Amino acid sequence: MAVEIIVDKEKCIGCGRCYDVCPKAPLIWKKDKDGKYYAYNFEYCHNCKFCAGRCPTKAILVKVVKPKNKNKGKG
Ligand code: SF4
Ligand code: SF4
């Protein structure tokens with residue numbers, strides 16, 4: 001399943017809960033220079049939505065996306 005994680009930077013307060021609850025956090029989440037979190041790699045995300053559920057400002061959107069090319073082999 002291809003998943004995309006979109007964080008609204010305006011809403012993110014940098015609390016780090018998304019990171020704390022994500023089972024694959026180090027492979028998915030990073031903190032930017034402003035102390036806000038973003039998903040840099042969606043490959044390991046399995047759409048559990050823990051991050052979105054725990055975000056106090058509802059800054060996270062977990063979106064299922066259709067793969068562009070079925071024959072690419074990955075996923
Ligand atoms: S849980 Fe939400 S507000 Fe907290 S760091 Fe993650 S995206 Fe930002
Ligand atoms: S949906 Fe689950 S696996 Fe994906 S980033 Fe959020 S907590 Fe991590």
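In the predicted model, the shell around ligand 2 is made up of eleven nonpolar, two polar and two charged residues. These residues number 15, and Cys22, Cys45, Cys48, Phe50 and Cys51 come nearest to ligand 2. Ligand 1 is likewise surrounded by 15 residues, of which Cys12, Cys15, Arg17, Cys18 and Cys55 are the closest. The shell around ligand 1 divides into ten nonpolar, three polar and two charged residues.

The protein chain that holds these residues contains three helices and four strands. Read from the N terminus, the order of the elements is β-α-α-β-β-α-β. Of the 75 residues in the protein chain, 19% are buried.

The largest nonpolar core has 14 residues, and the members that touch the most others are Val7, Cys18, Trp29 and Ile60. At least two residues of this core come from strand E1 (2–7), and at least two come from strand E3 (37–39). Cys18 belongs to this core and is also one of the residues closest to ligand 1. When residues up to four places away in sequence are left out, Cys18 touches Trp29, Tyr37, Cys51, Arg54, Cys55 and Ile60. Two of these partners, Trp29 and Ile60, are named with Cys18 among the core members that touch the most others. Another partner, Cys55, is among the residues closest to ligand 1, while Cys51 is among those nearest to ligand 2.

Lys9 is placed in the loop between E1 and helix H1 (17–21). Lys9 counts as exposed because it has 12 C-beta neighbours inside 10 Å, and a residue is exposed if that number is 12 or fewer. Between Lys9 and Ile60 there are 51 residues of separation in sequence, yet their C-alpha atoms are 9.3 Å apart in space.

Lys24 sits in the loop between H1 and helix H2 (25–28). With 13 other C-beta atoms within 10 Å, Lys24 is partly exposed. Its contacts, not counting residues up to four places away in sequence, are with Tyr44 and Cys45. Lys24 and Tyr44 are separated by 20 residues in sequence and by 6.7 Å in space, C-alpha to C-alpha.

Lys49 is partly exposed because 15 C-beta neighbours lie inside 10 Å.

Methods
Residues numbered from 1 in each chain as written. Chains lettered and ligands numbered in written order. Predicted model: local features only at pLDDT ≥ 70, side-chain atom pairs only at ≥ 80, totals over all residues. Buried ≥ 20, exposed ≤ 12 C-beta atoms within 10 Å, placed from the backbone. Near = placed C-beta within 6 Å. Nonpolar A, V, L, I, M, F, W, Y, C, P; charged D, E, K, R; others polar. Core = buried A, V, L, I, M, F, W, Y, C linked by C-beta atoms within 7 Å. Contact = placed C-beta atoms within 7 Å.
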